[in-house]
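Please look at the sequence and the model before reading on.

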Amino acid sequence: MKSEALGIGEILRAINSPDIAIDEVLTLIMKNVSQLIDAEAWSLLLLDRERKELIFKEVIGEKKNELKGTRMPIDKGVVGWTVKNRKPAIVTDPYKDQRFFQNIDKQTGFITNTILSVPLLSKGKILGIIEAINKKDKTYFNEEDLNLVSNYAEHAAIALENANLVQNLKAKVGHLTLMFDINKTITSILTLDKLLKKSAELIQEAFDYYFVGIALATGTNAMLKGFSSKGKLKPPGKIQKGKGLVGKVLKEEKMIICQNTEKEKEFEDFFGEFKSEMVVPIKKGDKLIGLTIIGSPEKYAFSQEEAKIIKEVSYQLGIAIDNARLYEKIRLAAITDELTGLYNSRYCNEYLPAIVGKWKKAGEKGAVIFIDLDYFKNVNDNYNHLIGSKLLRLVGKEIMNKIKNEAHIGIRYGGDEYVVVLQNLDSKEAIEFTKSLKDSITEKEFFIKDERKNIEIRIKASFGIACYPVDSENFYDLLRLSDLAMYYVKSRGRDNIAYINVEKAISLIDESEDT
């Protein structure tokens, strides 16, 4: 009785403690209850309502390492009967009792001779089971034993319920804080690619998920744009509508949580090793924008509380994606030439220095071409400025067609001046590209529709080339040198290409071909 009083005293202190964790309470319960009766083995099983299973959370006895953490169906064994009926049970001959679940003995090699099973009940709700196996004195469990454990279990259940409440409250506060932090971060990012990558990282790290992917819906498919994982996983690029769970969510636009993929016929694993998957649609109003995809190699990896948070984060992500796209449109409008559709001089000044910086970091080559149309003023004087603007648009289109399948960049620098930035080309390749571009502009007849007739215009142009890194490693120097080379052409008859030669002087293409 003394040990019972001491045990209950510790439990009462646990009941009144606002800081004690569930694991501490479980250890405390098992330590004290095992002192009430001298039994070979004790188990504390908690009820997992979602999975309808009992989990061996605390085990005392020779088979504790084999049993701790394992699960058994809620409808099996004497403990299952105790859960269902919410009543304690004493079994004196287990192998003749239909309630006895023999699989545990078969798995562990343990022989069960007598069982005491007591429910942990708090406010009519069952939390778990305290189970004792085999008295060491070889007698059977009796009513006195049952009363001792049941009396203790009443107090233990209250302590466990309080610890559950404290943990759930802390988890909710933590989740709300986490959700606030994630939302604060994602709503402050206006670059779409950065937003998607950072969001995947934040969610994956915050919940310690194995992987998180964020895909954008594109018609009948979705493209994975943000991805973060614990392992070195190579994510798929395209997801087809209707294919697998992800494709099903893409099609039906409803969240799916699969806690056991082995039982899901429609599951299609990207990586061949995942047992749980959660897919949440990202929407803005009624419009599907994308998907949040989360995977785990463990079964039943996601709680309902987590699902609610991911759903809310995905909702906020939909707003953030929409804002980023709007920002992207505004940003593009600010750096795009309205007349030609090429970039404008603002883009040239704001973004190209960084591109040259990347060349340096990656050890790549590149070139800048400066283009000026020859005698363009005559077009405006002979026709009108509207015809001149249409010609500028057509020249811009010609440049766009020339670079559209490459990683090159076209810019209308101002007036009748254009700049083309060539990436991953050396000096010789830059000259060959410029020759081809010159031919496509100067040998073409541009047809422009006037109010009264169709006008055919041919236009010549002067080209200057400066190459990275041989001519300079600074973008503004490359721009200056290419401009200088272009003016060299202007001063020597126009309609030609000039470049910086090995002696750091300017040469004309025609001059080099004649020599």
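## An aromatic pair between strands

Tyr413 is partly exposed, with a relative accessible area of 27%. Here buried means under 20% relative accessible area, exposed means over 50%, and partly exposed lies in between (1.4 Å probe, protein chains only). Phe370, by contrast, is buried at 2%. The ring centres of Phe370 and Tyr413 lie 5.5 Å apart and their planes meet at 70 degrees, so the pair is edge-to-face. Rings of Phe, Tyr and Trp (its six-membered ring) pair if their centres lie within 6.5 Å; planes under 30 degrees apart count as stacked, over 60 as edge-to-face and the rest as tilted.

This pair links distant parts of the chain: Phe370 sits in strand 13 (residues 366-373) and Tyr413 in strand 14 (residues 409-414), 43 residues apart. Helices (H or I, at least four residues) and strands (E, at least two) are DSSP runs, numbered from the N terminus.

## Basis of the model

This is a predicted model: local features need pLDDT of at least 70, side-chain atom pairs count only at pLDDT 80 or more, and totals for chains, interfaces and linings use all residues. Residues are numbered from 1 along each chain as its sequence is written, and side-chain values use heavy atoms, with hydrogens and water left out.

## Other aromatic contacts

The whole structure holds 9 aromatic pairs. One of them joins Tyr95 and Phe100, edge-to-face, at 5.0 Å centre to centre and 65 degrees between the planes. Phe100 is buried, with a relative accessible area of 12%. Tyr95 is partly exposed at 40%. Elsewhere, ring pairs link Phe207, Tyr209 and Phe302 into a cluster.

## Backbone exceptions

Most residues other than glycine have a negative phi, and most peptide bonds are trans. Which peptide bond is cis, with omega near 5 degrees? The bond from Tyr468 to Pro469 is. Pro469 lies in the loop between strand 18 (461-468) and helix 14 (475-490).

Glu253 has a positive phi of about 60 degrees although it is not a glycine. Its loop runs between helix 8 (244-252) and strand 10 (256-258). Asp495 also has a positive phi, near 50 degrees. Asp495 sits in the loop between helix 14 and strand 19 (497-500). Glu253 is partly exposed, at 28% relative accessibility. Asp495 is partly exposed, at 28%.

## Overall shape

The protein chain has 15 helices and 20 strands. Its radius of gyration is 37 Å, whereas a compact globule of 515 residues would have one near 24 Å. The radius is taken over C-alpha atoms, and the globule rule is 2.2 Å times the number of residues to the power 0.38. Along the principal axes, the C-alpha atoms fill a box of roughly 115 × 55 × 40 Å.

## Burial, contacts and charge

Of the 515 residues, 48% count as buried. The chain exposes about 26,700 Å², and carbon and sulfur atoms supply 48% of that area. Accessible areas come from the Shrake-Rupley method with a 1.4 Å probe; for residues, only the protein chains shown count as cover.

Among contacts with a separation of 6 or more, 58% join residues 24 or more positions apart. Contact means heavy atoms within 4.5 Å. The chain carries 77 positive and 75 negative charges, with mean positions 3 Å apart. Lys and Arg count as positive and Asp and Glu as negative; His and the chain ends are not counted. Each charge is placed at NZ of Lys, CZ of Arg, CG of Asp or CD of Glu.
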